[in-house]
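This report looks at strand pairing, side-chain contacts and charged pairs in the model shown here.

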Amino acid sequence: GYFHTAITDLTTMGTGVGGGITFVGYKTAQSAAEIFAGIDGYKENATAGNAAGAMRLFTQQDGSGLAERVRITSSGNVGIGTTSPAGLLHVSGTTDSAPVRITGNPPRLDFYETNADAGARNWMIRPDTIVYGDFNIRQSNAKDGDPQTAGTTRFYIKNDGNVGIGTTTPNWLLQTAGTRPFFTLSDTSAGTNLKHQFLSSQGGNLYIGNATDAYATTTNVTIT
């Protein structure tokens, strides 16, 4: 088997029944023993023959008794601050303090796509080092690529609040950059081929027009 030590609970079968360990010591000299933390494994249900089991970790704040801090369900979901985790990792907080904190220089959060489709891409979000205090969302250039070392910035927020799409140096509150960038307003309640109105810039000219539902464009006004 996998294990060499067993802690058995001989209580009649039922939900919450299982073995556990407590960690005990003295909180002051010559005081009564105090339970500082605990861990248990227990049966998740009251169904005879169903061995679905979970695990709980407990700690104690001074004088408040043991409180559950982490739960791992029979399906492998992990809950921190919740007894019913709905995903692989479910974190719940009850105060204004951040329930999750990622630290580093700089910290980074990656989303790696495991689908076999050739169009799959990986994403990364992180505070940036181009200018400290900036924020960067990047996409890998190819399947299985590292968005940091082989990726493209898709969305950028400078430390002064300016937002860039297609640029990491936005000089205005919202700046888009690219080859003939478009800014489009789409009215989903409008009729066929009347939904999309756009502004576009190319070669020093500003174009105002509309687009069909198939995105064929018509320029109505050109400002040179």
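This is a predicted model: local features need pLDDT of at least 70, side-chain atom pairs count only at pLDDT 80 or more; totals for chains, interfaces and linings use all residues.

## A charged network between loops

Asp146 has a relative accessible area of 24% and is therefore partly exposed. Asp146 forms a salt bridge with Arg108, in which the closest N and O atoms are 2.7 Å apart. This pair links distant parts of the chain, since Asp146 lies in the loop between β9 and β10 while Arg108 lies in the loop between β6 (89-91) and β7, 38 residues apart. Arg108 likewise counts as partly exposed, because its relative accessibility is 30%. Through salt bridges that share partners, Arg108, Asp110 and Asp146 are joined into one network.

## Other salt bridges

The structure holds seven salt bridges. Among them is the pair of Arg56 and Asp40, whose closest N and O atoms are 2.6 Å apart. Another salt bridge is formed by the side chains of Glu34 and Lys27, at 3.8 Å from N to O.

## The six-stranded sheet

Six strands make up an open sheet with mixed pairing, in the order β7-β8-β9-β10-β11-β12. Its edge strands, each pairing on one side only, are β7 (109-111) and β12 (174-176). On average, and ignoring direction, neighbouring strands of this sheet are turned by 20° against each other.

Within the sheet, strand β10 (residues 151-157) and strand β11 (residues 163-165) run antiparallel and are joined by two bridges. Tyr156 stands opposite Gly164 in β11.

When residues up to four places away in sequence are set aside, Thr153 touches Asn136, Ile137, Arg138 and Thr168. The side chain of Thr153 makes polar contacts with the side chain of Asn136 (3.0 Å) and with that of Arg138 (3.0 Å). Thr153 and Thr168 are 15 residues apart along the chain, and their C-alpha atoms are separated by 7.4 Å.

The side chain of Asn136 also makes a polar contact with the side chain of Asp128 (2.6 Å), a residue found in the loop between β8 (123-127) and β9 (135-140). Asp128 is buried yet has no salt bridge, and the nearest side chain of opposite charge, that of Arg126, is 4.2 Å away. Leaving out residues up to four places away in sequence, Asp128 touches Gly133, Asp134, Phe135, Asn136 and Tyr156.

Definitions and conventions: Residues are numbered from 1 along each chain as its sequence is written. Side-chain values use heavy atoms; hydrogens and water are left out. Two strands pair if DSSP finds at least two bridges between them. Helices (H or I, at least four residues) and strands (E, at least two) are DSSP runs, numbered from the N terminus. Axes are lines fitted to C-alpha atoms, for helices over the stretch in contact, and angles run from 0 to 180 degrees between N-to-C directions. Contact means heavy atoms within 4.5 Å. A polar contact is a pair of N or O atoms within 3.5 Å; within protein, one must be able to donate a hydrogen and the other to accept it, and residues adjacent in sequence count only if both atoms are side-chain atoms. Buried means under 20% relative accessible area, exposed over 50%, partly exposed in between (1.4 Å probe, protein chains only). Lys and Arg count as positive and Asp and Glu as negative; His and the chain ends are not counted. A salt bridge is a side-chain nitrogen of Lys or Arg within 4 Å of a carboxyl oxygen of Asp or Glu.
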